[in-house]
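Work through the exercises below with the sequence and model open. Try each task before reading its solution.

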Amino acid sequence: MSEPGVASGRAGGDDSPARSSSSPDRVVSALADADDRVVEGALRPKRLSEVIGQNRVREQLSLVLEGALRRGRAPDHVLLSGPPGLGKTTLAMIISAELGAPLRITSGPAIERAGDLAAILSTLSEGEVVFIDEIHRLARPAEEMLYLAMEDFRVDVVIGKGPGATAIPLDIAPFTLVGATTRAGLLPAALRDRFGFTAHLDFYEPEELGIIVRRSAGLLGVALPEDGADEIAGRSRGTPRIANRLLRRVRDFAEVRGDGVVTRDCARAALELYEVDESGLDRLDLAVLGALVRRFGGGPVGLSTLAVAVGEEAETVEVVAEPFLVRAGLMARTPRGRVATPAAWQHLGLPVPRQAAWAGRAGRVVEWAGQEDSGGDGEATLFG
Ligand code: ADP
């Protein structure tokens, strides 16, 4: 039987700060854990036509791929940005499937030296798709090598060191780079500009998530009536990865405590046990919101101060909790720091104070785009 704490056991060897040892296992974390990685292979849509939601991106991408296929040439390089768990890796795999081309998968942190990248690029066959996840974390020398590779299909391999070093140009096969990032704002313009097609993935609507969990239930052999699917979809914070994970946790509950059918009541009871509230907020979200409202009077407060207040790393709060709190209209990012909206007090069952940060003192509200960080980091104001 699964237990709440075991729900998202994390994989080792991942250096993402958002999955640091201080980060609690969260059933609503959008980051993939070992458990997810095993199941996700089976649940990923394999072709563009199977992708649910992201209609505009899907249509644009289908034109890019179709055009390339007709011309018999590799399509433009593709940059996919957006919060974790929305389908960037899935789309990279689909691009390779639609093109009928092999796929190489790597990530920014895995490429430590330019030589690592050269080793990949110099062994490509024509038309191959290279997927670099978390491309904003690529080391600088590798990034510079990538510029030339993307533009001229060439890499300069440097032999030797110091004044005697020589660069030997090496032609590489035309390929398509698919870059994925959760922080598009951190990408240097020089890199961003080299992508011919850029798409931002947005959170999914509950109806779309309902279709996704029903499809997953079909693939996993879970009995999931409509109302059970709606209940899970509504608590999945707009993220397919979370929807699929909640489905698995609720299935455990239904099998152990019930007759295996994931009804609405069963989904509610299970998600209550896993401390996922009706809006999809969990303990960390509520801790962040609670600190913002109770300790900092609604802000503005800097990200790092807020993170310390909840005993988390700043990046965990920023990447894991914040995007959804902003999207849910509970928190806003302003140039002076994070502020709570009136809905935050309401969500916590507290009376909304008449004078608070959003009422003018916080200044211009910065829309969350999942990447730009001008959020007043380091500001330790208690009441602005
Ligand atoms: P990312 O790379 O953005 O973190 P993934 O591509 O790994 O996200 O997606 C996580 C999981 O969510 C996938 O395994 C897949 O099962 C599911 N998923 C993502 N997008 C969709 C979609 N549009 N339709 C159906 N399932 C999806």
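**Exercise 1.** Which helices are included in what covers the buried residues of H8?

*Solution.* Settle the ground rules. The model is predicted: local features need pLDDT of at least 70, side-chain atom pairs count only at pLDDT 80 or more, and totals for chains, interfaces and linings use all residues. Residues are numbered from 1 along each chain as its sequence is written.

Step 1: locate the helix. Helices (H or I, at least four residues) and strands (E, at least two) are DSSP runs, numbered from the N terminus. H8 spans residues 226–234.

Step 2: pick its buried residues. Buried means 20 or more other C-beta atoms within 10 Å of the residue's own, exposed means 12 or fewer, and partly exposed lies in between; C-beta atoms are placed from the backbone. In H8 the buried residues are Gly228, Ala229, Glu231, Ile232 and Ala233.

Step 3: find the cover. Contact means C-beta atoms, placed from the backbone, within 7 Å. The cover includes helix H7 (206–220), H9 and helix H10 (264–273).

**Exercise 2.** Describe the shell around the ligand.

*Solution.* A residue is near a molecule if its C-beta atom, placed from the backbone, lies within 6 Å of it. The shell has 20 residues, and Glu40, Gly87, Lys88, Thr89 and Thr90 come nearest.

Step 1: assign elements. Helix H1 (34–43), helix H3 (88–99) and helix H9 (240–257) each give two or more residues.

Step 2: sort by type. The shell divides into 9 nonpolar, 7 polar and 4 charged residues. Here Ala, Val, Leu, Ile, Met, Phe, Trp, Tyr, Cys and Pro count as nonpolar, Asp, Glu, Lys and Arg as charged, and the others, Gly among them, as polar.

Step 3: assign domains. Domain 1 (23–200) and domain 2 (206–273) each supply at least three residues. These bounds come from an automatic or database domain assignment.

**Exercise 3.** What is the strand order of the open sheet of 5 strands, and which strands stand at the edges?

*Solution.* Step 1: read the order. Two strands pair if DSSP finds at least two bridges between them. The order is S2-S3-S6-S1-S7, with parallel pairing.

Step 1: find the edges. Strand S2 (103–107) and strand S7 (197–200) each have a single partner strand, so one side of each lacks a neighbour in the sheet. Neighbouring strands are turned by 15° against each other on average, direction ignored; the axes are lines fitted to C-alpha atoms.

Step 2: check both ends. S2 and S3 pair over 5 bridges, and Thr106 has Ile132 in S3 as its bridge partner. Strand S1 (residues 78–81) and S7 pair over 4 bridges. There, Leu80 stands opposite Ala199 in S7.

Step 3: inspect S3. In strand S3 (residues 129–133), 5 of 5 residues are buried. Val129, Phe131 and Asp133 point one way, Val130 and Ile132 the other.

**Exercise 4.** Classify Gly337 and Gly329: buried or exposed?

*Solution.* Step 1: take Gly337, in strand S9 (residues 337–340). Gly337 counts as buried because it has 27 C-beta neighbours inside 10 Å. Its C-alpha atom is 9.6 Å from that of Leu306, 31 residues apart along the chain.

Step 1: take Gly329, in the loop between helix H13 (314–327) and strand S8 (331–334). Gly329 has 12 other C-beta atoms within 10 Å, so it is exposed. Leaving aside neighbours within four places in sequence, Gly329 contacts Thr341 and Ala343.

Methods: Axes fitted to C-alpha atoms, helices over the stretch in contact; angles between N-to-C directions. Contact = placed C-beta atoms within 7 Å.
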